[in-house]
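Subject: Structure handover

Hello,

Here is the structure for your files. My notes on the charged pairs and the ligand site follow below.

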Amino acid sequence: MLILGGTAEARELAGELVARGVRVVSSLAGRVARPRLPEGEVRVGGFGGVDGLARWLAEHDTGAVVDATHPFAERIGANAAEATRRAGVPLLRLARPGWQPEPGDVWHWVDDLGDAAARLPALGRRVFLTSGRQGLAAFAGLDALWFLIRCVDPPGPPLPRAHEILLDRGPYTVDSERSLLRDHRIEVLVTKDSGGTHTDAKLRAARELGLPVVVVRRPPRPEAETVGTVGEAVEWVLNR
Ligand SMILES: NC(=O)c1ccc[n+]([C@@H]2O[C@H](COP(=O)([O-])OP(=O)(O)OC[C@H]3O[C@@H](n4cnc5c(N)ncnc54)[C@H](OP(=O)(O)O)[C@@H]3O)[C@@H](O)[C@H]2O)c1
């Protein structure tokens with residue numbers, strides 16, 4: 001079993017399968033300096049595109065692949081679909097459902113970080129950016145705004161001129177997110193539609209405070225059999 005990971009669900013799935021005696025290799029991209037490691041075997045680093053992944057699957061006599069990568073990890077998702085098709089290995093996608101607005105939410109849906117940046121000046125001057133450290137160049141020209149940028153590892157340039165970096169990783173609580181928004185006098189929040197409960201406390205805190213949220217839509221993924229929970233993925237693997 002190969003699990004393409006980098007998410008809490010991928011770690012959880014590896015733990016569940018190892019506990020049931022399944023031989024699991026989890027694959028991480030190697031982006032984060034000190035990743036939380038799953039149980040079972042772990043390999044780190046890219047495969048070398050579709051060809052490299054297809055080769056890896058054949059060389060390791062892989063029985064099945066679960067793509068449990070983050071909904072915004074576009075390239076590895078596309079590579080997994082193509083490489084498993086070529087290698088004749090079954091593929092399951094484990095994708096947590098996206099977030100849905102609730103009464104009281106003021107959400108602005110956008111297609112990408114560039115669109116998010118274009119919306120900001122009309123929504124507020126003090127921005128909480130929680131979209132991760134990739135793609136922050138989209139906000140670099142917004143000199144009239146101030147940004148609180150939260151990510152796991154330090155982001156590289158270009159960054160917006162006025163900013164503070166907060167290195168942290170979830171899960172977060174509504175109380176701590178509310179305090180953070182208040183202490184930094186945040187007026188607007190930017191997030192990807194990551195889904196799940198690990199990082200949704202900021203949305204509830206923003207709702208309570210009546211703050212607008214710019215939500216980046218998920219990019220399209222290739223067609224694949226898909227489940228939304230770790231339990232369903234465990235069933236799929238055990239029934240193979
Ligand atoms: N994008 C996000 O917002 C986000 C958020 C949280 C966690 N993550 C996790 O961080 C990782 C990288 O995300 P990304 O958006 O940079 O990915 P990406 O753009 O889809 O992938 C870029 C390249 O990184 C390598 N790669 C990505 N995930 C890999 C994995 N699990 N194992 C081995 N190689 C992997 C592949 O290299 P080769 O072509 O050489 O194989 C891939 O072509 C993913 O595993 C994802 O689950 C991403």
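**Salt bridges**

Arg96 and Glu9 form a salt bridge, with their closest N and O atoms 2.9 Å apart; the term stands for a side-chain nitrogen of Lys or Arg within 4 Å of a carboxyl oxygen of Asp or Glu. Arg96 sits in the loop between strand S5 (91-94) and strand S6 (106-110) and Glu9 in helix H1 (residues 8-19), so the pair ties together parts that are 87 residues apart in sequence. Helices (H or I, at least four residues) and strands (E, at least two) are DSSP runs, numbered from the N terminus. Both Arg96 and Glu9 are buried, where buried means under 20% relative accessible area, exposed over 50% and partly exposed in between (1.4 Å probe, protein chains only).

This is a predicted model, in which local features need pLDDT of at least 70 and side-chain atom pairs count only at pLDDT 80 or more, while totals for chains, interfaces and linings use all residues. Residues are numbered from 1 along each chain as its sequence is written, and side-chain values use heavy atoms, with hydrogens and water left out.

By the salt-bridge rule the count comes to 18. Another of these pairs is Glu41 with Arg23, whose closest N and O atoms are 2.9 Å apart. Glu41 belongs to strand S3 (residues 41-44) and Arg23 to the loop between H1 and S2, 18 residues apart. Arg23 is exposed at 63% relative accessible area, and Glu41 is partly exposed at 39%. Asp51, Glu82, Arg85 and Arg86 are joined in a network of salt bridges.

**Arg125, Arg126 and Glu187**

Arg125 pairs with Glu187 in a salt bridge, the closest N and O atoms being 3.9 Å apart. Arg126, in strand S7 (residues 126-129), is buried yet has no salt bridge, and Glu187, the nearest side chain of opposite charge, is 5.9 Å away (Lys and Arg count as positive and Asp and Glu as negative; His and the chain ends are not counted). The Arg126 side chain does reach the backbone oxygen of His184, at 2.9 Å.

**Ligand site**

The ligand is surrounded by 22 residues, the closest being Gly5, Ser27, Phe47, Arg75 and Lys192; a residue counts if one of its heavy atoms lies within 4 Å of the ligand. H3 gives the largest share of this shell, four residues. An oxygen atom of the ligand is 2.8 Å from a polar backbone atom of Arg75, and a polar side-chain atom of Asn79 lies 3.4 Å from a ligand oxygen atom.

Regards

Notes:
A polar contact is a pair of N or O atoms within 3.5 Å; within protein, one must be able to donate a hydrogen and the other to accept it, and residues adjacent in sequence count only if both atoms are side-chain atoms.
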